[in-house]
Amino acid sequence: MLFPHENTNDQIYFSRYECEHLLSSHGLRSFELDGHTWPSIEHYFQAMKFDSDVLRERICQAPTAEQAAKIGSRWYRRPKSNWSKIQVVVMTRAVYISAKSHPEVAAAILDTGEKLLVEDDSYDYFWGCGRDRRGENNYGQVIMKVRAKLLEEQQTASTGE
Ligand SMILES: Nc1c(N[C@@H]2O[C@H](COP(=O)(O)O)[C@@H](O)[C@H]2O)[nH]c(=O)[nH]c1=O
């Protein structure tokens with residue numbers, strides 16, 4: 001059986017929905033960004049789909065990331081027109097700021113070393129790897145991008161540059 005996650009020496013499979021996992025976007029670890037306090041990465045990401053302050057505020061107030069995702073779901077309302085172009089950058093910002101606000105998140109990301117990080121979602125071929133593992137894995141890519149930046153910052157700090 002392929003699922004659940006197959007972790008090996010060089011790859012880590014994880015789910016962004018597992019709130020307790022430090023690489024998850026659903027964990028309730030608040031951070032400040034763009035003048036608001038966001039309860040989770042998912043809250044910020046969903047709110048940024050829309051220009052309406054009312055809708056953003058509603059998403060920000062959702063008690064769980066799952067509820068924030070439901071309000072922002074493309075099944076209910078269409079995101080702003082440039083969303084598909086900016087969504088990965090928005091997610092990257094949220095993951096980076098979350099890591100800078102929560103040392104345990106930064107440590108968990110850095111702890112993955114050079115391993116390939118794969119968001120394990122049978123249904124999502126965009127953020128995850130999809131059922132056949134051929135998906136784009138954009139969420140895994142985002143975490144790896146943030147990991148490279150955190151590592152660079154750590155190395156700069158230790159060499160005193
Ligand atoms: N964002 C995206 C997809 N996202 C799909 O829609 C679901 C909700 O998306 P999101 O709002 O991004 O979390 C997500 O779980 C995934 O299945 N799919 C695609 O082909 N292309 C995209 O650009």
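Seven residue positions line the ligand in this predicted model: Arg-74, Ser-84, Gln-87, Tyr-123, Asp-124, Phe-126 and Trp-127 surround it, each with a C-beta atom, placed from the backbone, within 6 Å of the ligand. By class, this shell holds three nonpolar, two polar and two charged residues; here Ala, Val, Leu, Ile, Met, Phe, Trp, Tyr, Cys and Pro count as nonpolar, Asp, Glu, Lys and Arg as charged, and the others, Gly among them, as polar. Numbering starts from 1 along each chain as its sequence is written. As the model is predicted, local features need pLDDT of at least 70 and side-chain atom pairs pLDDT 80 or more, while totals for chains, interfaces and linings use all residues.

Helices (H or I, at least four residues) and strands (E, at least two) are DSSP runs, numbered from the N terminus.

And which residues of α5 are buried? They are Val-105, Ala-106 and Ile-109, buried meaning 20 or more other C-beta atoms within 10 Å of a residue's own, exposed 12 or fewer, and partly exposed in between. These residues lie on the same side of α5 because they cover an arc of only 100° around the axis, taken from the directions from the helix axis to the C-beta atoms. On the other side, Pro-103, Glu-104 and Ala-107 are exposed.
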